Amino acid sequence: MEQYKQEFIEFMVDCKALKFGEFTLKSGRKSPFFMNAGAYVTGSQLMKLGESYAKAIHDTYGDDFDVLFGPAYKGIPISVVTAVAYSKLYGKEVRYCSDRKEEKDHGADKGSFLGSSLKDGDRVIMIEDVTTSGKSMEETVPKVRGAANVEIVGLMVSLNRMEKGLGGKVSALEEIKEKYGFDAHAIVTMQDVIDHLYNRPYKGEVYIDDTLKKAIDEYYAVYGA
């Protein structure tokens, strides 16, 4: 596993963005792990988050793109810090764009987008925290494609939960590819997390012991893609 992936797993644990226990998800599923991108709140955390996304995008898609699009609300800060990190790490200027939940009808920046406007010919990478069911893409993909003649290169999320999407057959990330025609990837998968943390102490604590591993296996027996 690449160094930045191992570092990102430890970073999620340090920031308490990735937690283990018992959680009820928005979908109603009871999950033994929970991912919350709202846990990244300090300057150094946001800088590290942006760098992790930038490295994963560079590794997966290369540098042939123009815009990072982060859906409101959690995608907004992620797209901003990733654009900053891309400039710092790779010397490439990319623009950021996000949608508004409510259209602004006054001032110089009225409309339904924040940041850069989308232009014909733009190559766009969508950026999100985590995709459990792919529901947010239903709202944002038509907005992005409706704004200009753009090409969506792909989607990058922080964690691939590796569970069935809305259709109940393949993973949410695979569903996105089937439905919208672009690739979807994650900085790390839940399998990466298990491989890195299972029965391996991190800062004196074992986060995934035999009991939790059994709970994760049982969860995937039902919801795994």
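Hi everyone. Let me start with a cut-off: a residue counts as buried when its relative accessible area is under 20%. Arg29, at 14%, is therefore buried. Please keep in mind that this is a predicted model.

So where does Arg29 sit, and what does its side chain meet? Arg29 and Glu163 form a salt bridge through their side chains, at 2.6 Å from N to O. Arg29 belongs to the loop between β1 and β2, while Glu163 belongs to the loop between β7 and α5, so this pair ties together parts that are 134 residues apart in sequence. Salt bridges with shared partners then join Arg29, Glu163 and Arg161 into one network. Glu163 is buried too, with a relative accessible area of 3%.

Now to Arg161. You will find Arg161 in the loop between β7 (151–160) and α5 (172–180). Arg161 is buried, with a relative accessible area of 3%. Its side chain also makes a polar contact with the side chain of Ser31, at 2.9 Å. On the annotation side, an unreviewed UniProt entry places the feature "binding site" at Arg161 and Thr132.

Let's turn to the hairpin. Strands β1 (residues 18–24) and β2 (residues 30–35) run antiparallel to each other and pair over five bridges. As one example, Lys19 has Phe34 as its bridge partner in β2. Five residues lie between the two strands, and Gly28 in this hairpin takes a positive phi near 95 degrees.

What about the other salt bridges? The count for the structure comes to 14. One of them joins the side chains of Lys203 and Asp14, at 3.2 Å from N to O. Lys203 is in the loop between α6 (190–197) and α7 (210–223), and Asp14 is in helix α1 (residues 3–14), so here the pair ties together parts that are 189 residues apart in sequence. Lys203 is exposed at 64% relative accessibility, and Asp14 is partly exposed at 38%.

Glu2 and Lys5 also meet in a salt bridge, at 3.7 Å from N to O. Glu2 is partly exposed, with a relative accessible area of 36%, whereas Lys5 is buried at 17%.

Terms used. Residues are numbered from 1 along each chain as its sequence is written. This is a predicted model: local features need pLDDT of at least 70, side-chain atom pairs count only at pLDDT 80 or more; totals for chains, interfaces and linings use all residues. Side-chain values use heavy atoms; hydrogens and water are left out. UniProt positions are given in the numbering used here, feature names are shortened, and annotations may be inferred rather than shown by experiment. Helices (H or I, at least four residues) and strands (E, at least two) are DSSP runs, numbered from the N terminus. Buried means under 20% relative accessible area, exposed over 50%, partly exposed in between (1.4 Å probe, protein chains only). A polar contact is a pair of N or O atoms within 3.5 Å; within protein, one must be able to donate a hydrogen and the other to accept it, and residues adjacent in sequence count only if both atoms are side-chain atoms. Two strands pair if DSSP finds at least two bridges between them. A salt bridge is a side-chain nitrogen of Lys or Arg within 4 Å of a carboxyl oxygen of Asp or Glu.
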